[in-house]
Amino acid sequence: MSIPPSPNFTKGTSTGSGEGGVVSIEGTELISRAPTQKTNITRLIDDIEVQRLKHLKQHNLRIAFGLVIGLILGVYLSLFSGFHETALMQTLIGGFVIIGIFAYMPVQSYRKAFKAEFMPKLVALLGDFSYVPKRPLNEKALKRSGLIPARYAIHMEDFIGGTIGSSKVEFAETVISNPARAKPKHVKDKRVKGLPVARGMSMLIIRPVRFTGHTIMTSKRGTKLEKEAQINKTLSGVRVEAREALSWLDIYATEQTEAQKLAHSETLNFIQKISLNLFNAPIEVSFFENYVAFLMPYSNNLFEPRSITKPAFSNEDIPILEKHLTLTRLFVEHLDAIS
């Protein structure tokens, strides 16, 4: 199992968002953010924290109220209802289910506010991108990328999209499942069909210029999903000069000359940096038609609020999302430069 070496990318800059500030990257650390933009992000986080505490208070009060009502209901039914034991138990269970739903409503309200109000504002501040909770990416394009077997089902949500130069960039939380295998009971989402085999993020970069061939760069740490997807009779291995930056991936292509160009050391550095930023995900990339497709499996969830008893974000979550947007911007600008 090979671990990607640390990128040797030195420094890049790209205009930021929101207030038009400049964002710099050195190594894997974000260096600066426009002061006004930083203030707006801090204010936004404070606002969602106020909402969380308000909904948490409502949730706790409803739990306490429900327990009192449940106790009174249980005593009354036990002493005065005349129900036999089975009917009494069914009535009590039904009563507690209703009370539980009543107590959980503030949690649902908080999650809805997080998705409908907080995330769109945050994403706009971080990169002038838009956020749509239930919108998927172009599934047909992802299937044509060769990164996902045709028989597998894809469920996508938490869409984030925007424009960088002349390219469109879209990414979303993604769950890939095998419909031929039974879905586990703990997976409640009805839109996930079958056994989940990978989850994380998928990304499409839609460029105005078409690639002449089809090139796939696949991590040697990838799962069976990626290994199976890359087996295509029209693709063959690409021989490139030996260098450390290539030790963590395999390259397959229909057009050797174009693949050699795409295996540019700076291109690989950007891909590595995106991988390392996203929890060192075993990243897979496909260059085809006028698309660049990324598949980045990881277990963390950047787009859902944490438990209502905890702050919406950990200290790392927003920098991870911000660095992903910034690295994507730099990657797209780099592709434009070498195309």
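**Close-up 1. Helix α2 is the top contributor to the nonpolar patch, giving five residues.** Helices here are DSSP runs of H or I with at least four residues, and strands are runs of E with at least two, numbered from the N terminus. The patch brings together Phe-65, Val-68, Ile-69, Ile-72, Ile-93, Val-97, Ile-101, Phe-102 and Met-105, with about 830 Å² of accessible area together. Two elements, α1 (35-81) and α2 (85-127), each give two or more residues to it. To join a patch, a residue needs over 30% relative accessible area and no salt bridge (a Lys or Arg side-chain nitrogen within 4 Å of an Asp or Glu carboxyl oxygen), and nonpolar side chains are joined within 5 Å. Areas come from the Shrake-Rupley method with a 1.4 Å probe, and for residues only the protein chains shown count as cover.

This is a predicted model, where local features need pLDDT of at least 70, side-chain atom pairs count only at pLDDT 80 or more, and totals for chains, interfaces and linings use all residues. Numbering starts from 1 along each chain as its sequence is written, and side-chain values use heavy atoms, leaving out hydrogens and water.

**Close-up 2. Ile-93 sits in helix α2.** Ile-93 counts as exposed because its relative accessibility is 52% (exposed is over 50%, buried under 20%, partly exposed in between; 1.4 Å probe, protein chains only).

**Close-up 3. Val-169 belongs to strand β6 (residues 167-178).** With 0% relative accessibility, Val-169 counts as buried. Its contacts (heavy atoms within 4.5 Å) include Phe-129, Ile-160, Met-203 and Val-332, leaving aside residues up to four places away in sequence. Met-203 is 34 residues from Val-169 along the chain, yet their C-alpha atoms are separated by 7.4 Å.

Conventions
Patch = residues over 30% accessible without salt bridge, like charges linked within 9 Å, V, L, I, M, F, W, Y side chains within 5 Å.
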